[in-house]
Amino acid sequence: METIPKTPGSIDLPDLLQVLANSGLALRSHGTTPGLSLTSPSLYDPLAPLEGLRGGILLGIGLHPAEPETALVVREAAQAGFGAIVLKQLSQDIEDLANTADQAGIALLVVDDAVGWRQLDALLESALSASAEANRSASPLGVGDLFALANAIAALVGGATAIENLQEQVLAYSTLPHQPIDDDRRNGILGRQVPYLPENAGQYASVFRSRGAVRIEGVRPAMDRLAIAVRAGNQPLGSIWVVDANGDLDSDAEQALERAADIAVLHILRARSTIDLARQQRAELLRRLLEGGDDVQLVAEQLGLKHSGPFVVAAFQLDLGQSDELSLIRLVDLVTTQCEAHRQGAQCVLIGTTIYALFTEAPASGPASGPGSIETLARRLIERSAASLRVKLRVSTGSIVTTAADISRSRHDADLVLLMLASGRSAGDYANAQEVRSRLTLLELSAMFRNTPHLVSPAAASMRTYDAESGTDYARTLRTYLDFSRDSAKTSAALSVHQNTLRYRLRRLRELFGIDVDHPEDTVVLWLSLHVQELQ
């Protein structure tokens with residue numbers, strides 16, 4: 001679609017769509033369109049005549065693409081001077097309607113069916129008003145230039161400035177000389193992440209509850225701040241924080257910060273859409289790498305990974321019953337931020353309800369091995385998810401592998417460890433494959449025995465059936481006896497029975513099932529069968 005050069009007080013349609021990338025809004029017509037007005041979108045009302053400023057946007061609420069009246073409304077909107085009309089496609093073929101829009105000289109936009117009209121109206125309103133504010137500003141800032149915006153705010157308001165997203169990551173910061181800063185700001189800039197402090201939750205809550213600038217008293221030695229939430233309509237996008245070194249930022253500074261927040265909407269939306277698109281692409285590649293396949297080398301190259309490791313995969317999962325959508329979204333943000341900060345090159349992706357993190361250049365051996373160093377991160381995340389999200393987190397680490405082709409094996413082992421943690425067969429909320437290798441082997445044997453039942457010892461199968469029908473406990477008795485290398489005293493203590501009771505049960509085992517524990521090969525198969533049966 002060709003675009004007529006915009007006039008003052010307007011925005012080109014491609015620019016608007018770029019700002020609102022990933023919002024669910026898409027262009028379907030192909031003709032030439034004038035610049036769009038920066039006024040608020042109009043709502044379609046079938047009971048009122050269409051009236052709008054030249055180049056305005058009409059939200060076609062209630063219009064069905066397949067109804068003949070919709071084409072009539074498109075023509076009437078063009079005659080009324082609207083520059084664009086937005087519809088929901090509702091799984092219909094919309095090509096004829098697009099041709100109608102082209103003939104009428106109006107842009108036809110469609111929005112995903114799942115996007116609410118109220119949400120779309122808020123996004124458009126915010127983007128248009130922010131563009132209007134940017135046009136009125138004397139600042140020559142380019143959209144998306146967050147560092148230039150931070151410097152402009154710092155000069156305008158009078159303090160060192162940081163712009164953050166909702167995950168408390170520092171998107172940009174001012175670099176003007178002679179503006180005092182404290183350790184909190186310095187650490188946030190170095191790690192591009194706001195340091196975790198007990199007072200954070202209360203401070204951010206007060207900022208996002210307010211519609212204007214908020215004064216935040218610093219916990220000494222931290223300096224005070226002037227802060228404001230950045231919103232697209234009612235949807236929060238991030239926040240701006242200005243250091244109030246001397247406590248002298250007045251009401252004029254507050255008003256300046258509030259105006260700056262309106263301009264920042266456009267910048268953050270643009271930055272977020274670019275980052276989100278890149279993250280989605282990397283997430284899809286990482287999923288393919290973790291699943292394995294013939295193209296793993298190509299996928300690894302696209303992710304910028306070396307052919308040789310070592311590599312290790314960590315898995316993070318909410319406790320059963322806590323995997324609601326909101327908790328999972330917040331956990332993904334927390335895990336991704338912490339993993340990327342913990343080790344350069346870490347990459348995270350959500351598959352199902354499990355978050356996987358791939359760490360590169362993990363030490364392959366030694367007391368401070370890859371899983372050992374990641375354990376520090378895991379413990380910290382477990383504590384933070386309990387404290388800030390009120391959820392219980394389980395974390396596992398897979399095997400350390402040396403090639404990209406084996407990364408899926410590390411993920412497989414991490415899944416098995418999570419399974420053990422969830423079943424209670426491994427105590428605690430963190431474990432790594434290296435420490436529980438024998439148990440992982442039993443889990444895999446369990447799957448093998450389940451798929452090939454003839455491998456199971458006939459005596460073990462008979463024992464399990466007999467116990468189920470008679471309420472006896474012969475299978476667990478024999479498995480425990482073999483676990484303790486046929487030590488009667490330790491077995492009796494583990495089962496909390498008298499040794500005479502144990503001897504009676506062992507005698508009955510021989511009588512009922514013909515078991516001879518003095519035969520090594522039969523005993524090994526029997527012991528494995530008893531273990532894997534418990535895991536099924």
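Residues are numbered from 1 along each chain as its sequence is written, and side-chain values use heavy atoms, with hydrogens and water left out. Because the model is predicted, local features need pLDDT of at least 70 and side-chain atom pairs count only at pLDDT 80 or more, while totals for chains, interfaces and linings use all residues.

Helices (H or I, at least four residues) and strands (E, at least two) are DSSP runs, numbered from the N terminus. Two strands pair if DSSP finds at least two bridges between them. Strands of a sheet pair through backbone hydrogen bonds, either parallel or antiparallel.

Five strands, in the order 9-8-12-11-10, form an open sheet with antiparallel pairing. Strand 9 (170-173) and strand 10 (214-216) are the edges, each pairing on one side only. From one strand to the next, the twist averages 25°. Axes are lines fitted to C-alpha atoms, for helices over the stretch in contact, and angles run from 0 to 180 degrees between N-to-C directions.

Strand 13 (residues 308-318) is largely enclosed by the rest of the structure, because 9 of its 11 residues are buried. Buried means under 20% relative accessible area, exposed over 50%, and partly exposed in between (1.4 Å probe, protein chains only). Strand 13 has antiparallel pairing with strand 15 (residues 354-360), through 7 bridges. It also pairs in the antiparallel sense with strand 16 (residues 393-397) over 5 bridges, and with strand 17 (residues 401-403) over 2 bridges. Phe-311 has Thr-360 as its bridge partner in strand 15 and stands opposite Val-401 in strand 17. Ala-315 stands opposite Ser-396 in strand 16.

Two packed helices are described by the angle between their axes and the distance between the axes. Helix 14 (residues 458-470) and helix 15 (residues 474-483) have axes that come within 8 Å and cross at roughly 135°. Helix 14 is therefore oblique to helix 15. Angles under 35 degrees count as roughly parallel, over 145 as roughly antiparallel, 65 to 115 as roughly perpendicular and the rest as oblique. Met-463, Tyr-466 and Asp-467 of helix 14 meet Tyr-474, Ala-475 and Leu-478 of helix 15. These contact residues divide into 5 nonpolar, no polar and 1 charged. Ala, Val, Leu, Ile, Met, Phe, Trp, Tyr, Cys and Pro count as nonpolar, Asp, Glu, Lys and Arg as charged, and the others, Gly among them, as polar.

Helix 14 also packs against helix 17 (residues 499-513), at an angle of about 110° with the axes 11 Å apart. That makes helix 14 roughly perpendicular to helix 17. Ala-459, Ser-462, Met-463 and Tyr-466 in helix 14 meet Arg-508, Leu-509, Leu-512 and Phe-513 in helix 17. This contact comprises 6 nonpolar residues, 1 polar and 1 charged.

The structure holds 0 disulfides, a disulfide being a pair of cysteine sulfur atoms within 2.5 Å. The cysteine sulfur closest to that of Cys-339 is in Cys-348, at 4.1 Å, too far for a bond. Cys-339 is buried, with a relative accessible area of 0%. Cys-348 is also buried, at 16%.

Conventions: Contact = heavy atoms within 4.5 Å.
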